[in-house]
Amino acid sequence: MRILLVEDDVGIASSLREGLERHGFEVTHTASGRAAIGEAAAFDLVLLDLGLPDIDGKEVCREIRGSSEVPIIVTTARGDEIDRVVLLELGADDYMVKPFGFRELVARIGAVTRRYSRKASDRAVLRIGRLHIDLDARRVHVGDDEVELTPKEFDLLAMLAERPGAVRTREDIIDEVWDVNWFGPTKTLDVHVSSLRRKLGHAEWISTVRGVGYRLESCE
Ligand code: CA
């Protein structure tokens, strides 16, 4: 598995590289956010430092996510103000505060990539009423009209659509679509649901089950 390590601190970069290589990962290192944006799509995972000299790491995250679905784990220095909601909105899959333990990093890499490969193996089209979801191409249509969704909106809709009519709890959605390691991102889930309702043009297709979670209706 090929990891793009984006880190401007030479000491941190070399110890991360050494540790990752010891765990069998292939590591390419860059200190430049601009280079990372250009190269990210060629890798299996990006480990991205938020504090970079050339561009704000959040912008790097947003740019990479705009053109690629490569998993991104953000790293940040202890004490930096970190807004988890913003990171999720930018498309990061997880984040870690430095200094972090190596075992934890390897576990997070495993969790993030497992989520992605599970998605890749679901080669199917879901049809629920007028809603068509191509899980393979990651495209969504309402009737004949294509709906443009962000990666997280797509994952959220795909999860609800796996079992139409069934309530998916907030906890399950957050664990599946985001990460079990995210704490308190409940507002983000609501933001994504309301934007999904707006984009589908049928707010009633996604029901809120108060105090529990959400349910996809029959989409007629
Ligand atoms: Ca830095």
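Which domains does the domain assignment of the chain give? Domain 1 covers 2–120 and domain 2 covers 123–216. The model on screen is predicted. Colour the two domains separately; their centres, taken over C-alpha atoms, are 26 Å apart.

**Stop one: the calcium ion**

Select the calcium ion together with D8, D49 and G51. These residues coordinate the ion at 2.2 to 2.3 Å. D8 and D49 each use OD, while G51 uses its O. Along the sequence, the donor residues follow the spacing D-x40-D-x1-G. D8 sits in the loop between β1 (2–6) and α1 (10–22), and G51 sits in the loop between β3 (45–49) and α3 (57–67), so this pair ties together parts that are 43 residues apart in sequence.

**Stop two: K98 and P99**

Next, select K98 and P99. The peptide bond from K98 to P99 is cis, and its omega is near -5 degrees. Most peptide bonds are trans. To place P99, show the loop between β5 (94–98) and α5 (102–121), where P99 lies.

**Stop three: R138**

Move on to R138, in the loop between β7 (131–134) and β8 (139–142). Is the phi of R138 positive or negative? The phi of R138 is positive, about 55 degrees, although R138 is not a glycine. Most residues other than glycine have a negative phi.

**Stop four: helices α6 and α7**

Finally, select residues 151–162, which form helix α6, and residues 170–177, which form helix α7. Two packed helices are described by the angle between their axes and the distance between the axes. Here the angle is about 130 degrees and the axes are 10 Å apart. The two helices α6 and α7 are therefore oblique to each other, and α6 passes α7 in a right-handed crossing.

Show the side chains where these helices meet. From α6 come K152, D155, L156, M159, L160 and E162; from α7 come D172, I173, E176 and V177. By class, this contact of α6 with α7 has five nonpolar and five charged residues, and no polar ones.

Key:
Residues numbered from 1 in each chain as written. Predicted model: local features only at pLDDT ≥ 70, side-chain atom pairs only at ≥ 80, totals over all residues. Heavy atoms only, no water. Domains from an automatic or database assignment. Axes fitted to C-alpha atoms, helices over the stretch in contact; angles between N-to-C directions. Helix = DSSP H or I, 4+ residues; strand = E, 2+ residues; numbered from the N terminus. Parallel < 35°, antiparallel > 145°, perpendicular 65-115°, else oblique. Left-handed = near helix turned anticlockwise from the far one by under 90°. Contact = heavy atoms within 4.5 Å. Nonpolar A, V, L, I, M, F, W, Y, C, P; charged D, E, K, R; others polar. Donors = N, O, S within 2.8 Å, 3.2 Å for Na, K, Ca; no water.
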